[in-house]
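Here is a short tour to read alongside the model. Keep the sequence and the 3D view open as you go.

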Amino acid sequence: GGTAALTLTALGGPIVYTGGDIINNGNGNAFDAVQNGGIGSVSITAGNIFAATGEGITVRDVATSTGIDITTNGTVTALTAGKDGIDAQSQSLTGNVTIIANGDVNAGNAGIVGAIFPAAGTGNIDITANGAITARFGIDAENFGTGNTTVTTVGPVNATSGNGIFAQTSGGNVTVNAGDVTATGNTAIIGRQTDAAGAGIIDITAGNVSGTTGIEATNSGTGAINVTANGTVTGTFAEG
């Protein structure tokens, strides 16, 4: 039906899953984890993730959560338009969002999403993709709090109409350490620190990069910007 292959809901405590493949050949997501209250983290370790028409893994927590930790040891596949491979959105005031994808990620929308929404949040976002990402939007790492945002990609990132990598924070450091990144219809790599009073540093290192704009690094605060290109950087519409 329209439900996930596996749904874990916690009304007052942590969620912990350690297992193998999660497959949904029907109409829902592969794996939903929802924390509705209480104190504790969401910790997921899984193998291959497959959703025929839905999203791969979705995680939602609460303000009192102590963080989200996701590791996939196989391929993540959610190829339907508008669907994300891994989507972790946190309301935590203190917790970190950590995502490690050890296999390829293929998605109809974003390959990997990691977000912390509270402006008062102090947690960090750390996303690592060791395989290839092929999606409309590669990695979306948005920290609206004061913590750091870090994105590391080892395999290639191939995005169509979205950005290859988008990494943002409001006051902390932004670090992107990428291999090859291609965005056919948008900017390949974006690093932003959005707080005018923020002292965070933007540090971007990449291999071969190609997008309508190759690399954009925007710091609205007092911190430095460092960009290191170890390959060719191409802007097909604007600056490299």
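## Sheet, core and a buried threonine

Strand 8 (residues 65–72) and strand 11 (residues 96–101) run parallel and are joined by 6 bridges. Along this pair, Ile70 stands opposite Ile99 in strand 11. Please keep in mind that this is a predicted model.

The two strands belong to an open sheet of 9 strands with parallel pairing, in the order 2-5-8-11-14-17-20-23-26. Because strand 2 (15–18) and strand 26 (225–229) each have a single partner strand, they stand at the edges, and one side of each is left without a neighbour in the sheet. On average, neighbouring strands of this sheet are turned by 5° against each other, direction ignored.

Ile70 returns here: the largest nonpolar core has 50 residues, and Ile70 is listed with Ile44, Val59, Ile112, Val176 and Ile189 as having the most contacts inside it. Another core, of 5 residues, lies apart from it and includes Val113, Phe137, Phe166 and Ile190.

Strand 17 (residues 149–153) is also worth a visit, as the place of Thr149. Thr149 counts as buried because its relative accessible area is 0%, and buried means under 20%. A polar atom of the Thr149 side chain lies 2.8 Å from the backbone oxygen of Gln168.

The table sets out contacts for two residues, leaving aside neighbours up to four places away in sequence.

| Residue | In contact with |
|---|---|
| Thr149 | Ile125, Ala141, Asn143, Ala167, Gln168, Thr169, Asn173, Val174 and Thr175 |
| Val59 | Ala33, Val42, Ile44, Ile68, Ile70, Asp87, Ala88 and Gln89 |

Key. Residues numbered from 1 in each chain as written. Predicted model: local features only at pLDDT ≥ 70, side-chain atom pairs only at ≥ 80, totals over all residues. Heavy atoms only, no water. Helix = DSSP H or I, 4+ residues; strand = E, 2+ residues; numbered from the N terminus. Buried < 20%, exposed > 50% of the residue type's maximum accessible area, 1.4 Å probe, protein only. Polar contact = N/O pair within 3.5 Å; in protein donor to acceptor, adjacent residues only side chain to side chain. Contact = heavy atoms within 4.5 Å. Core = buried A, V, L, I, M, F, W, Y, C linked by side-chain atoms within 4.5 Å. Pairing = 2+ DSSP bridges. Axes fitted to C-alpha atoms, helices over the stretch in contact; angles between N-to-C directions.
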